[in-house]
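Hi,

Here is the structure I promised to pass on. Have a look at it first, and then read my notes below.

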Amino acid sequence: MKEAMKTLVLGLGNPIVSDDGVGIRVAQQVQGMVDQREVTVEETCLSGLGLLDILTGYDKAIIIDAIQTAEGKAGQIYRLEPEAFNATRNVCSTHDVNFITALELGNRLGMALPRQISIFAIEVTDTSTFSEECTPGVREAIPVCAGMIVRELNSASRSL
Amino acid sequence: MNKITIDPITRLEGHGKIEIFLDDEGDVANAYLQIPELRGFEKFCEGRPVEEMPRITPRICGVCPGAHHMASSKAADAVYHAEPPPAARKLRELFYCAHMIHSHVAHFYALAAPDFVLGPTSDPAERNILGVVAKLGLEVGGEVIKHRAYAQDIQAAIGGKATHPVCGLPGGMSKPITEEERKDFEDKAKSLVEFGKFGLKLFDELVLANKEYLDLIVGDVYSMNSYYMGLVDSDNKVNFYDGDIRVVDPDGKEVARFRPADYLEYIAEHTEPWSYLKFPFLKQVGWKGLVDGKDSGVYRVNSLARLNVADGMATPLAQAEYERFYETLGGKPVHATLAFHWARLIEILYAAERLLELCQDDEITSPEVRTIPTSTPDEGVGVVEAPRGVLIHHYQTDEKGIIQKVNLIVATVMNNPAMNMSIKKAAQGLIKKGQAASEGLLNMVEMAFRAYDPCMACATHALPGQMPLEVVIRDSSGEVKETLSRNLCSEPHPIKVRVVH
């Protein structure tokens with residue numbers, strides 16, 4: 001029998017800026033639906049280098065975040081692998097590096113980062129109004145996305 | 001030059017934008033920085049108990065939660081007229097030194113260093129922290145990550161939560177630290193002092209020893225004669241957590257020194273139709289437009305400003321570096337915008353030394369960390385030096401302590417006039433006669449802005465997980481000539497996604 005993979009479910013975002021907090025809302029729902037000991041659910045508003053510390057020590061990570069694409073419809077859920085962000089790696093004029101750069105740095109430095117990372121991204125509309133509520137289309141996606149993650153966690157634990 | 005009206009819709013795309021307007025000759029006529037602003041914060045806060053503010057305000061952005069927590073806790077102290085006991089003040093300052101280190105280290109190594117280690121016009125694919133680590137060695141990357149984690153551990157232990165501190169209450173702190181924690185912090189502080197020294201040595205070797213870079217720093221393109229504002233202690237030394245606000249003129253002469261609660265007598269805000277951000281200026285000098293010099297009320301905050309307003313640093317190693325800084329750059333005040341980076345490294349060393357002092361303070365483990373408020377709450381102002389500069393929180397409450405009015409002036413807004421001017425000056429100095437602006441050239445324009453370490457408090461977390469910035473060049477008819485985008489959320493980017501729902 002294989003050993004259970006230590007898994008982190010991580011909701012990203014800002015819970016007081018409307019749709020930006022959607023990742024956190026999903027993580028909170030997942031928290032109430034899973035009971036596997038090997039699964040930890042966390043939420044954070046960190047990005048870049050700050051994520052390295054949180055991810056260290058897990059075999060697998062499922063990250064939930066907001067996304068805005070050119071033609072996206074509010075509430076659409078995407079499934080991404082971190083490699084998908086290779087094209088966007090760059091230094092930017094903000095206070096931190098992007099996620100893939102941070103991951104690559106962590107790997108080069110030999111940090112114990114998850115071997116498997118998947119990202120659930122939810123298409124959002126409003127990321128600039130202070131509010132503890134998501135917009136309606138995005139709100140509807142929260143239980144759907146949480147359900148997908150829970151099914152994935154359950155099937156991983158059944159396959160042991 | 002044709003007049004361009006910027007459509008309000010395009011202003012709200014959720015990303016920062018630098019717009020450069022050329023004249024008929026193809027020279028730069030004007031340049032503007034646009035930063036999106038989050039909406040509705042005051043309304044969000046009204047009706048909440050003031051003691052919730054130190055827990056809400058760190059959520060404003062993921063970059064400076066510690067700064068908002070401290071400014072907010074201090075404002076809440078003032079609202080309740082509850083002065084924290086000495087041990088609580090020291091504990092807050094200890095926490096805050098760790099916060100400063102955490103923030104400055106990320107900015108220098110991840111964002112500033114690539115321009116100097118790889119070069120301002122090097123291949124953008126390499127010009128990032130991975131390139132820095134590739135060039136300087138993995139062990140440098142390891143040291144950066146390790147010391148950032150030390151600073152984070154200290155913040156988390158005192159703050160009570162890894163990212164959003166919850167330790168500050170009106171009148172003090174929620175809990176003291178144990179002797180075991182103190183010992184752990186002390187060990188980490190010692191290591192951080194060494195790391196602070198290392199950063200300055202690295203800056204010497206990489207930047208100061210390179211004549212080209214030194215010329216770039218002291219050159220006219222990145223220079224601006226402004227007023228400066230920052231917190232100083234009773235000896236006029238730099239202090240991040242507390243003190244009076246001091247203002248010096250472009251000659252370095254003190255023109256104001258006041259209690260933070262009196263800020264409205266000294267700071268006013270100008271508005272421009274093309275910007276969501278306001279343009280703070282010194283009331284006593286007045287708003288003369290986006291111009292520098294003694295007659296213009298434009299002032300700057302952040303690391304360089306803190307050093308310029310102070311008479312020195314309160315710790316020995318940082319003081320020696322402070323003296324060397326002014327000797328090298330030709331005396332006080334220094335107007336070189338790129339010197340913000342060097343000043344930041346001196347501040348890392350100061351913060352580490354001060355951290356160590358506080359860890360060795362006899363009172364630091366005292367259980368006396370709270371003054372229980374007994375008077376009726378009304379109004380209060382709290383000010384700290386955020387990593388990016390002076391941060392003001394001002395609350396008014398009813399007699400039950402329920403928020404009626406909130407006013408926040410954040411450091412990035414204070415630097416908004418200066419950032420616009422620095423960008424314009426760099427663009428004018430670098431882009432000539434309509435020549436095709438290369439990515440490297442535009443990066444050098446961005447360097448003028450990056451030096452201020454601005455925090456664009458928009459949706460920092462929306463994927464792809466980094467703050468987007470766009471540089472647009474328009475010709476004299478207003479047509480877009482060139483666009484340089486960095487990870488714009490609103491742009492289609494080449495990501496293969498699978499829509500699963």
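**What I found**

In strand 10 of chain B, Arg300(B) has Tyr228(B) standing opposite. Please keep in mind that this is a predicted model.

That pair belongs to a parallel pairing, in which strand 5 (residues 227–232) and strand 10 of chain B are joined over two bridges.

Next, the domains of chain B. The assignment gives domain 1 as 10–36 + 418–486 and domain 2 as 53–365. Their C-alpha centres are 25 Å apart, and the contact draws on 27 residues from domain 1 and 30 residues from domain 2. On the domain 1 side, the elements that give two or more residues are strand 2 (28–34), helix 13 (416–430) and helix 14 (439–450) of chain B. Helix 13 of chain B supplies the largest share of that side, eight residues. By type, the domain 1 side divides into 14 nonpolar, eight polar and five charged residues.

A few backbone details may interest you too. Most residues other than glycine have a negative phi, and most peptide bonds are trans. Here are the spots in chain B that I would look at with that in mind:

- Lys332(B) and Pro333(B) are joined by a cis peptide bond, with omega about -15°. Pro333(B) sits in the loop between helix 10 (316–329) and helix 11 (339–359) of chain B.
- His81(B), which is not a glycine, has a positive phi of about 50°. This residue is in the loop between helix 3 (65–79) and helix 4 (86–117) of chain B, and it is partly exposed, with 17 other C-beta atoms within 10 Å.
- Asn236(B) also has a positive phi, near 60°. Its place is the loop between strand 5 and strand 6 (244–248) of chain B, and it counts as partly exposed because it has 17 C-beta neighbours inside 10 Å.

Finally, something from chain A. Is Asp35(A) buried or exposed? Asp35(A) is exposed, as 8 other C-beta atoms lie within 10 Å. The residue is found in the loop between helix 1 (22–31) and strand 2 (39–44) of chain A. Asp35(A) and Asn154(A) are 119 residues apart in sequence, while their C-alpha atoms are 9.6 Å apart in space.

Best wishes

Conventions
Residues are numbered from 1 along each chain as its sequence is written. Chains are lettered from A and ligands numbered from 1 in the order in which they are written. This is a predicted model: local features need pLDDT of at least 70, side-chain atom pairs count only at pLDDT 80 or more; totals for chains, interfaces and linings use all residues. Two strands pair if DSSP finds at least two bridges between them. Helices (H or I, at least four residues) and strands (E, at least two) are DSSP runs, numbered from the N terminus. A residue is buried if 20 or more other C-beta atoms lie within 10 Å of its own, exposed if 12 or fewer, and partly exposed in between; C-beta atoms are placed from the backbone. Domain bounds come from an automatic or database domain assignment. Two residues are in contact if their C-beta atoms, placed from the backbone, lie within 7 Å. Ala, Val, Leu, Ile, Met, Phe, Trp, Tyr, Cys and Pro count as nonpolar, Asp, Glu, Lys and Arg as charged, and the others, Gly among them, as polar.
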